[in-house]
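Morning, everyone. I have one structure to show today, and I'll keep it short. Please look at the screen.

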Amino acid sequence: QQLRNLGRIVSGHIRLLSAHRASAGEAEARQRAERALAESASATDSMLRAQRMAECAASVGHWRITPEDRRILWSEGLAHIFGRPRPEGGSIPLDRHLAYYHAQDRAGVGARIEAALAGQLVGDPVLRDAHGQPVGQQRETGEQEEDDEERPHEPAVTAWPAAPGRPART
């Protein structure tokens, strides 16, 4: 009987030690993941700062759409190109964004955005603002690359202002 009890104690101790090692391994893996996430966030912040500086220096802008709620997030450069203040909170509904385009361009731009959201490759339209003035050209990637969790990224657009006597750049 004592031998059985001793065997149970030893067996329990081995299971406890095994569980402790597994828990320590999970904690170490979690710490590695947290460090990698922090490094990724830092790299993303650095990239965004560099992008803002480059856009400012080149007088370009961009916008992104969030597919879930169809809201457009403007960069400072895009607000400047449209001659409007950046929307409060940075984003506006798609319909309001489309209203900044010339009436003859709105349907085409909306269709291109829908195509990009569907993952279809789209071309480069020539666009006018709501007053008929050229706003440059846009390049819609139309490609939805997937991240590590296989979630699609938002389609993005970069806009270049048209200068007098010079065609818009893409």
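I'll start with the whole chain, then turn to two residues. One caution before that: this is a predicted model.

The protein chain has four helices and six strands. Follow the sequence and the order reads α-β-β-α-β-α-α-β-β-β. There are 170 residues in the protein chain, and 26% of them count as buried. The accessible surface is about 11500 Å². Carbon and sulfur atoms hold 53% of that surface.

Now contacts along the chain. Take those with a separation of 6 or more: 39% of them come from residues 24 or more positions apart.

Find helix α3, residues 94-98, and you have found His97. Is His97 buried or exposed? Its relative accessible area is 0%, under the 20% cut-off, so His97 is buried. What does His97 touch, leaving aside neighbours within four places in sequence? The answer is Trp63, Ile72, Trp74, Leu78, Phe82 and Ile92. Look again at Trp74. Its side chain makes a polar contact of 2.9 Å with the side chain of His97.

Second residue: Ile14. Go to helix α1, which covers residues 2-58, and pick out Ile14 there. Its relative accessible area is 51%. The cut-off for exposed is over 50%, so Ile14 counts as exposed. Ile14 also belongs to a nonpolar patch on the surface.

To recap: His97 is buried, whereas Ile14 is exposed.

Methods: Residues are numbered from 1 along each chain as its sequence is written. This is a predicted model: local features need pLDDT of at least 70, side-chain atom pairs count only at pLDDT 80 or more; totals for chains, interfaces and linings use all residues. Side-chain values use heavy atoms; hydrogens and water are left out. Helices (H or I, at least four residues) and strands (E, at least two) are DSSP runs, numbered from the N terminus. Buried means under 20% relative accessible area, exposed over 50%, partly exposed in between (1.4 Å probe, protein chains only). A polar contact is a pair of N or O atoms within 3.5 Å; within protein, one must be able to donate a hydrogen and the other to accept it, and residues adjacent in sequence count only if both atoms are side-chain atoms. Contact means heavy atoms within 4.5 Å. Patches are made of residues with over 30% relative accessible area and no salt bridge: like charges are joined within 9 Å, nonpolar side chains (Val, Leu, Ile, Met, Phe, Trp, Tyr) within 5 Å. Accessible areas come from the Shrake-Rupley method with a 1.4 Å probe; for residues, only the protein chains shown count as cover. A salt bridge is a side-chain nitrogen of Lys or Arg within 4 Å of a carboxyl oxygen of Asp or Glu.
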